[in-house]
Amino acid sequence: MSASLALTHLVPLAKEVDENKVTPGVLGFIVFAVMALAVWGLMKSMNRQLGRVDFKEDADPKAEPAGKAASGSTGSAPGSGSGSGGTASPAKG
């Protein structure tokens, strides 16, 4: 309700400009300023959220040690699930 009331007061301000000129006027400035503040707030919030992310990944207890995986994967059959030829598991988190 108040937004439409504010717009009805701002529209006559935009009509006072010469009709031959194409300018954004006061209404355009207000819309641009509100959008700029919204983007600034979203970036600040995103920065805060990304600051909370822990990028350290725990070692997978099911994974084979590096020495065993290199020597033991030569005799495995394709599609058996062992070795490096399988599909990647989705990330947890």
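Let's start with V34. Is this residue buried or exposed? V34 counts as exposed, because its relative accessibility is 53% and the cut-off for exposed is over 50%. Keep in mind that this is a predicted model.

Where does V34 sit? Its place is in helix α2. Together with V26, F29 and I30, V34 forms a nonpolar patch on the surface. The accessible area of these four residues comes to about 360 Å² together.

Now the other patch. D54, E57, D58 and D60 gather on the surface, and their patch is negative. Take D54 from that group. You will find D54 in a loop. That loop runs between α2, which spans 25–51, and α3, which spans 66–72. D54 has a relative accessible area of 58%, so D54 is exposed as well.

Step back to the whole chain. How many helices and strands does the secondary structure come to? Three helices, zero strands. Along the sequence, the pattern reads α-α-α.

What about burial? The chain has 93 residues, and buried ones make up 1% of them. To count as buried, a residue has to be under 20% relative accessible area. The chain exposes about 8800 Å². Of that area, 64% is supplied by carbon and sulfur atoms.

Last topic: confidence. The average pLDDT of the chain is 74. A score of at least 70 is reached by 49% of the residues. Which helix has the highest confidence, and where is confidence lowest? Highest is α2, with a mean of 96. Lowest is α3, with a mean of 58. Where pLDDT is low, predicted coordinates should not be read in detail.

So, back to where we began. V34 has its place in α2, and α2 is where confidence in this chain is highest. The loop with D54 lies between α2 and α3, and α3 is where confidence is lowest.

Notes
Residues are numbered from 1 along each chain as its sequence is written. This is a predicted model: local features need pLDDT of at least 70, side-chain atom pairs count only at pLDDT 80 or more; totals for chains, interfaces and linings use all residues. Side-chain values use heavy atoms; hydrogens and water are left out. Patches are made of residues with over 30% relative accessible area and no salt bridge: like charges are joined within 9 Å, nonpolar side chains (Val, Leu, Ile, Met, Phe, Trp, Tyr) within 5 Å. Accessible areas come from the Shrake-Rupley method with a 1.4 Å probe; for residues, only the protein chains shown count as cover. A salt bridge is a side-chain nitrogen of Lys or Arg within 4 Å of a carboxyl oxygen of Asp or Glu. Lys and Arg count as positive and Asp and Glu as negative; His and the chain ends are not counted. The place of a charge is taken as NZ of Lys, CZ of Arg, CG of Asp or CD of Glu. Helices (H or I, at least four residues) and strands (E, at least two) are DSSP runs, numbered from the N terminus. Buried means under 20% relative accessible area, exposed over 50%, partly exposed in between (1.4 Å probe, protein chains only). pLDDT is the predictor's confidence in each residue, from 0 to 100.
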